[in-house]
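Trainee: Please take me through a single part in close detail. I would like to look at the pocket lining and the aromatic residues around it.

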Amino acid sequence: LGTIYQGQEIGISKVAVGGTEIYKDWSKSNAPSNFWNNLVDAIKASRGSMKGFVWFQGENDSFGQENYETYLGHLTQFVSDVRAEIFKTSSSFSSPDDVPVVIVELGAWRYPDGAAIIEAQRTFVKSTINTALVNTGSSDVDSEKLTS
């Protein structure tokens, strides 16, 4: 990658739990009955060394109509809350919006059933500054798919 971090060592702080939904299991507004505090603890433990945030989630949200309609709003609020926590611990950023965020698109194997979540993830990245999308090849067009 041709970034300012090329050739530098990086650290990864992983907070992961399978089978979760973004609002029920990760939202700050549902803490302490979910994993929000675990994530905040990891951010604080980094002692200001975090330089970005990667989010790879959405599979369980792709199983319910209610989640289809609310995922974009929940993702937007969640990322805003995470950025604020990282900003509080770091002197590397001028504002929470300066914290880079990478969204890993829901896997192609959930397409087309998970299309609403995938579209929400794409919309989020298109409409939110300092974000990037890792495309997994979820598409109706064969030539755009990464796998068949």
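Mentor: By class, the lining of the largest pocket divides into 22 nonpolar, 17 polar and four charged residues. The model is predicted. The volume of this pocket is about 1,500 Å³. Its lining counts 43 residues, and the closest to the pocket centre are Ile 12, Gly 52, Phe 53, Val 54 and Trp 55. Among the elements, α2, β1, β2 and β3 (131-134) each supply at least two lining residues.

Now take the core. The largest nonpolar core has 25 residues, and Trp 55 and Phe 78 have the most contacts inside it. Helix α3 gives the most, with six residues.

Stay with Phe 78. Beyond its neighbours within four places in sequence, Phe 78 contacts Ile 22, Trp 26, Trp 36, Leu 39, Phe 53 and Trp 55. Phe 78 has a relative accessible area of 3%, so it is buried.

Next, the rings. The structure holds six aromatic pairs. Trp 26 and Phe 35 have ring centres 5.4 Å apart and planes at 45°, so this pair is tilted. Trp 26 counts as buried because its relative accessibility is 2%. Phe 35, at 26%, counts as partly exposed. Phe 53 and Phe 78 also form a tilted pair, 6.1 Å centre to centre with 55° between the planes. Phe 53 sits in strand β1 and Phe 78 in helix α3, so this pair ties together parts 25 residues apart in sequence. Phe 53 is buried too, at 11% relative accessibility. Ring pairs link Trp 26, Phe 35, Trp 36, Phe 53, Trp 55 and Phe 78 into a cluster.

How values were computed:
Residues are numbered from 1 along each chain as its sequence is written. This is a predicted model: local features need pLDDT of at least 70, side-chain atom pairs count only at pLDDT 80 or more; totals for chains, interfaces and linings use all residues. Side-chain values use heavy atoms; hydrogens and water are left out. A nonpolar core is a set of buried Ala, Val, Leu, Ile, Met, Phe, Trp, Tyr and Cys residues joined through side-chain atoms within 4.5 Å. Buried means under 20% relative accessible area, exposed over 50%, partly exposed in between (1.4 Å probe, protein chains only). Helices (H or I, at least four residues) and strands (E, at least two) are DSSP runs, numbered from the N terminus. Contact means heavy atoms within 4.5 Å. On a 1 Å grid over the protein atoms alone, a cavity is a set of points where a 1.4 Å probe fits but cannot get out, and a pocket is an open set with protein on both sides within 12 Å along at least five of seven lines; lining residues have an atom within 4 Å of a point. Grid points are joined across faces, edges and corners, and a volume is the space filled by probe spheres set on the points. Ala, Val, Leu, Ile, Met, Phe, Trp, Tyr, Cys and Pro count as nonpolar, Asp, Glu, Lys and Arg as charged, and the others, Gly among them, as polar. Rings of Phe, Tyr and Trp (its six-membered ring) pair if their centres lie within 6.5 Å; planes under 30 degrees apart count as stacked, over 60 as edge-to-face and the rest as tilted.
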